Amino acid sequence: MMRKQEILTQVEDSGLVAVVRADHAEQAKRITEAAMNGGVVSIEITYTVAGATDVIKELNAEFGEDLIVGAGTVLDAETARIAILAGAKYVVSPYLDEKTARMCNRYQIPYLPGVMTIQDVVHGLECGAEVLKVFPGDLMGPQMIRVIKGPIPQANLMPTGGVSVDNVANWIRAGAVAVGAGGSLIGKPDVDGYEKITETAKRFLEQIEIARNE
């Protein structure tokens, strides 16, 4: 069983969380496989996917050694517990919910709540969230990372929403420990093909590595 810090370290070392929203479970699995082929090691299966719990369970069974499967769009503690029982290694919310934070802390599962303000960031840290999801990133831009880390340098921030291959390096340079990418990574696989996800994932990881080594 992976420890909480091991999970967080792997997510941060990779630098990229693939946020999977899909029309059905089979598509979610195909997206996951395509992203893994591009080097992605951390997948967030959102609870907007029909049968998300089963998808998390199946991905853990098939790829558990090579993939960190998390649950996304978790709105309450009940859903968090269901996801954890299915094998979710971390839980992501679009906002901070104290009951969900306590649930995840109880089972030593990383909780990544959405934050938009300095107050949100401080509240998240007080609730034990070690990585905070800056969301929606496209409303604020990379400068928001610098703004937050000015007075709160200890905050580990992961922007999601509006992060693309073209701007991911700017987010990393601004101080993001990792990024979440959904539509900009996945696109429309039924139209563009799943190979494009693989190619885009590789480009994301290349840009992250370049920015980190500057």
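1. Setting aside neighbours within four places in sequence, K133 is in contact with V92, S93, P94, L112, P113, G114, V115, M158 and T160. This residue belongs to a model that is predicted, and K133 is found there in strand β7, which covers residues 132-134. K133 is buried and yet has no salt bridge; the nearest side chain of opposite charge is that of E44, 4.6 Å away, and a salt bridge would need a nitrogen-to-oxygen approach within 4 Å.

2. The largest nonpolar core has 66 residues, and the members that touch the most others are L16, I43, I45, I56, V91, V179 and F204. Helix α11, residues 195-213, supplies the largest share of this core, namely six residues. Apart from it lies another core, of 12 residues, which includes L8, V17, M158 and V177.

3. V179, one of the residues of the largest core that touch the most other members, has contacts beyond its neighbours within four places in sequence, and these are with G15, L16, V17, M158, P159, V163, V168, W171, I172 and I208.

4. The largest pocket has a volume of about 190 Å³. It is lined by 15 residues, of which V19, R21, A181, G182 and G183 are the closest to its centre. The elements that give two or more residues to this lining are β9 (179-181) and α9 (183-186), and α9 accounts for the largest share, with three residues.

5. The structure holds five salt bridges. One of them joins E130 to K4, with the closest N and O atoms 3.4 Å apart, and this pair links distant parts of the chain, since E130 is in the loop between α6 (118-126) and β7 whereas K4 is in helix α1 (residues 4-14), 126 residues apart. E130 counts as partly exposed because its relative accessibility is 32%, while K4, at 11%, counts as buried.

6. K29 takes part in salt bridges with E26 (3.8 Å, N to O) and with E58, where the closest N and O atoms are 2.7 Å apart. K29 and E26 are three residues apart in helix α2 (residues 25-37), so about one helical turn separates them. E58 lies in helix α3 (residues 52-63), so its pairing with K29 ties together parts that are 29 residues apart in sequence. E26 is partly exposed, with a relative accessible area of 44%, and E58 is likewise partly exposed, at 36% relative accessibility. Through shared partners, the salt bridges join E26, K29 and E58 into one network.

Definitions and conventions: Residues numbered from 1 in each chain as written. Predicted model: local features only at pLDDT ≥ 70, side-chain atom pairs only at ≥ 80, totals over all residues. Heavy atoms only, no water. Core = buried A, V, L, I, M, F, W, Y, C linked by side-chain atoms within 4.5 Å. Buried < 20%, exposed > 50% of the residue type's maximum accessible area, 1.4 Å probe, protein only. Helix = DSSP H or I, 4+ residues; strand = E, 2+ residues; numbered from the N terminus. Contact = heavy atoms within 4.5 Å. Lys, Arg positive; Asp, Glu negative; His and termini not counted. 1 Å grid on protein atoms, 1.4 Å probe; cavity = no way out; pocket = protein on both sides within 12 Å on 5 of 7 lines; lining within 4 Å. Points joined across faces, edges and corners; volume = space filled by probe spheres on them.
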